[in-house]
Amino acid sequence: MNADYFGPVARPDEETEQAARARHEQLTKPAGSLGRLEELGIWISACQGECPPRDLDDCRVYVFAGDHGVAQGGVSAYPSEVSIQMLANIEAKGAGVNAIADIAGATVTGVDISLDHDAEGPYRIRRSCGSIDREDAMSEEEVDKAIRTGIAIADAAVDEGADLLIAGDLGIGNTTPAAALIGAVTNSEPVVVVGRGTGIDDEGWKLKVAAVRDAMFRVRRLRNDPVEVLRRISSPDMTVMAAFLAQAAVRRTPVILDGVVVTSAALLADQLAPGARDWWVAGHKSAEPAHALALRHLDKEPLLEYGMRLGEGSGAVAALPLVKSGVSVLRLSLIHISEPTRLLSI
């Protein structure tokens, strides 16, 4: 199963990128003296096709929530009921990501994709999902709906004027499918990709390794079929996330990637829409070992490394002010100064 869902992904505008680099040469500072902040501004400029770039006034975080059948097998330190409480806290603006987003100047929207309760909503796919170590996460109809849902959410955000998008994850047990996806795409061993998640003990870690091993075995011959890999060993929320990230690239909208769960979805998004990775930067590197593997596979250097592992888009939002700073520097007014004065300033 591998339907064509996504149009071609163009690269960020190379001509504008060169204009942005040239502009940095004209600012009253030594070229390259602001390091990666300069590169971030150049990247945003190329994404927008404008030099200097527009301010990032409409930055949006979408937290995709879902539960996971595999969580019933002892792979998490918390029961799945906690997921519903966590989403309610985000919607009440009482979560960590809300506090960080308020400072960074971003809005946060929680999206119930597949939490384990009876509910209705425009983006609901199903209640929880199959336990990926022994059964498929979704049916073919459900994975199709999940992909189209992710596309629709990204399209709506871009059509409404979003300048930059962030995907966040929420769901007890979601680092298990994330580890399985990363292991499958990067061809890594289960013991290498499995971390402690929400804080499991040694026995829980062993159960998680076994679950990831069995899930990876179920897709061992499907590395070139991202839709089928998602259907079998991800979840509805992670599939929506992958489609959201892919469609953002199709729509030429920059994205800051969050932690291990979002980055696992990004691996599949880059397969669904080849070249999508050019429209992303990595906000941070989490404490999960698989995250470093996924970032290396995508050739992304994280902006922050604070040992964060909350998810919910929190690490990406924490990095947002750096991206905005890069834009602000590139928007500085050019001042004509004589060469001797310029040399003195350097």
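The charged end of R220 sits 3.8 Å from the centre of the ring of F217, over that ring; a charge counts as over a ring if NZ of Lys or CZ of Arg is within 6 Å of the ring centre and within 35 degrees of the ring normal. The model is predicted, and its local features need pLDDT of at least 70, with side-chain atom pairs counted only at pLDDT 80 or more. Residues are numbered from 1 along each chain, and side-chain values use heavy atoms.

Helix 8 covers residues 202-218; helices are DSSP runs (H or I, at least four residues) numbered from the N terminus. Its 17 residues reach 25 Å from first C-alpha to last, close to the expected 24 Å, where the expected span is 1.5 Å times one less than the number of residues.

Two side chains reach backbone nitrogens, as tabulated here.

| Side chain | Backbone nitrogen | Distance |
|---|---|---|
| D201 | E203 | 3.3 Å |
| D270 | A276 | 3.2 Å |

D201 caps the N-terminal end of helix 8. D270 lies in helix 11 (residues 260-272) and counts as buried because its relative accessibility is 10%. Beyond its neighbours within four places in sequence, D270 is in contact (heavy atoms within 4.5 Å) with G275, A276, R277, W280 and L298.

Y62, F64 and F244 form one aromatic cluster.

Note on methods
Polar contact = N/O pair within 3.5 Å; in protein donor to acceptor, adjacent residues only side chain to side chain. Phe/Tyr/Trp six-rings, centres within 6.5 Å; stacked < 30°, edge-to-face > 60°. Buried < 20%, exposed > 50% of the residue type's maximum accessible area, 1.4 Å probe, protein only.
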